[in-house]
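Hi,

Here is the model I promised to hand over.

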Amino acid sequence: MSRAKLSFAHLPTPLWRHDALDALVGAQVWIKRDDTTSGPEAGNKIRKLEYHLAAARQQEADTVITCGGFQSNHARATALLAAGLGMRSVLLLRSQPLDVRPVQGNAMLAALAGAEIRTVTPEGYAQRDARMQAIAASLQERGESCYVIPEGGSDGLGALGYVDAMAEVRQQLDDGQAGGPGPFDVVVHACGSGGTAAGAALGAAQSHVAPRVWAMAVCDDAAHFEGVVASLIRDARALEPELGEPAELKVWDEWKGPAYGVADRRQLAFIVEVARQTGLILDPVYSGKALYALSQVEPKPHRVLFIHTGGLPGLLAQADAFDRWLPPATPA
Ligand SMILES: *Cc1c(COP(=O)(O)O)cnc(C)c1O
C-alpha cells in the first residue's frame, strides 16, 4: 500500500499465552498484545490513527477534531498523538453531567496533552458527525485548518490499520510464534465502533490468519454492528481495491453487559480472576467484556487469537466498580 501512513506503534506487538488463562477461558488463547502498541497512547486506536493523522498532515491540518464517550480511548490516543505532531485537538465527548470534575483516566490524559474537551449530552451526541462538522466550520472561519476523525477512528481508512495488524500476525505465525504456521480457528476482539472488526475480517482473510472473526459487542446489538461493519468493509475495499472478500464475521451481543461502559458483577469478577491468576489486566469497557464473552461461548473454538485492544486508562477511572475485590491497605 502506497498510502500515507505514520509510524506510532511499537511493532510487532507480542503474542502472549498463559496456561491459567487457557483454563479460565476454556480454549487455547493467544493474546495479540495491542494493549502494548505504545505507552500512554497505546491500544487499538493507534493503528487506525497512523492512517488518519497521516492524512491530516497531508492536508496540512493544524487541528484534529474527534469524538467519543467521556472515557474514550480513541479520543485520548488522538489527543496525545496530535500533540506530538504539533496539532491541536478538539474532543466532543458524551457526558452526563456535562461538567465532569475532576477529570480522570482517559479524559485526564487528553487534558494533560492540551486537548480542548467539549461535552455533549447523549441526545446531542447522536448528532456527533454534524456537531463535529459545525465545530470544524466555526474554527475554519477563524483560520484554522481542521481534520475530522469519526468515532473510534472507524471508517474505511481507519480499518486499514487492522488489515495491517493481521499481516503482522501472519508473519508471527510463519515465524513459529504461536506454535506453528497454521491459521487460528477464530480471531476474537471487543467491538465498539466496528473499525477493528472490519479491518480484522479483511486482514484475517487476506493474510490467512483465521477463517472467521468474532466481534464481541460492548453496546448496541448484533444487527446494528453487522450493518456498520459491512459498510466499513465496503469503504475499505473502495480505498484498497485489491482487498478480497472478508473472513466470515459473527457479532455476539449476548454478553455486552448492562450498558456501554458498565460491566456486571460476573464480568468484573472475571477481570479480577484473570488479573490474579495471570497478571493480565483487562478493562471493564471492552477487553474484559470480550474475553468474558469468549469464556461463555459454546461450543468453544480450539485455538483463538484474541486481540487485547487496550483500555487501561478507562479501568483506572472505574476503581469504584472493583471496590468489593480490593481490600483496604493495612498499616504495617
Ligand atoms: C475502541 C476500542 C475497542 C473497539 O474497537 P472498535 O474498532 O471501535 O470497534 C476495543 N477495545 C478498546 C480498549 C477500545 O478502546
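Where does the ligand sit? It is in the largest pocket. By pocket I mean an open set of points on a 1 Å grid over the protein atoms alone, with protein on both sides within 12 Å along at least five of seven lines, and "sits in" requires more than half of the molecule's atoms to lie within 2 Å of the grid points.

Before the rest, some housekeeping: this is a predicted model, so I kept local features only at pLDDT of at least 70 and side-chain atom pairs only at pLDDT 80 or more, while totals for chains, interfaces and linings use all residues. Residues are numbered from 1 along each chain as its sequence is written, and side-chain values use heavy atoms, with hydrogens and water left out.

On to the ligand shell.

For polar contacts (N or O pairs within 3.5 Å), side-chain N or O atoms reach ligand oxygens at 2.5 Å for S193, 2.7 Å for T196 and 3.1 Å for N44. The protein covers 97% of the 380 Å² of accessible area that the ligand has on its own (Shrake-Rupley, 1.4 Å probe).

Next, the rings. There are five aromatic pairs, taking ring centres within 6.5 Å, with planes under 30 degrees apart called stacked, over 60 edge-to-face and the rest tilted. Y260 and Y286 are edge-to-face because their ring centres are 6.0 Å apart and their planes are at 70 degrees. Y260 is in the loop between β9 (248–252) and α10 (265–278) and Y286 in the loop between α10 and α11 (287–296), so the pair ties together parts 26 residues apart in sequence.

Finally, the backbone. Two peptide bonds to look at are cis: L11 to P12, with omega near -5 degrees, and E298 to P299, with omega near -10 degrees. P12 lies in the segment before β1 (15–16), and P299 in the loop between α11 and β10 (303–307).

Cheers

Definitions and conventions. Polar contact = N/O pair within 3.5 Å; in protein donor to acceptor, adjacent residues only side chain to side chain. 1 Å grid on protein atoms, 1.4 Å probe; cavity = no way out; pocket = protein on both sides within 12 Å on 5 of 7 lines; lining within 4 Å. Helix = DSSP H or I, 4+ residues; strand = E, 2+ residues; numbered from the N terminus.
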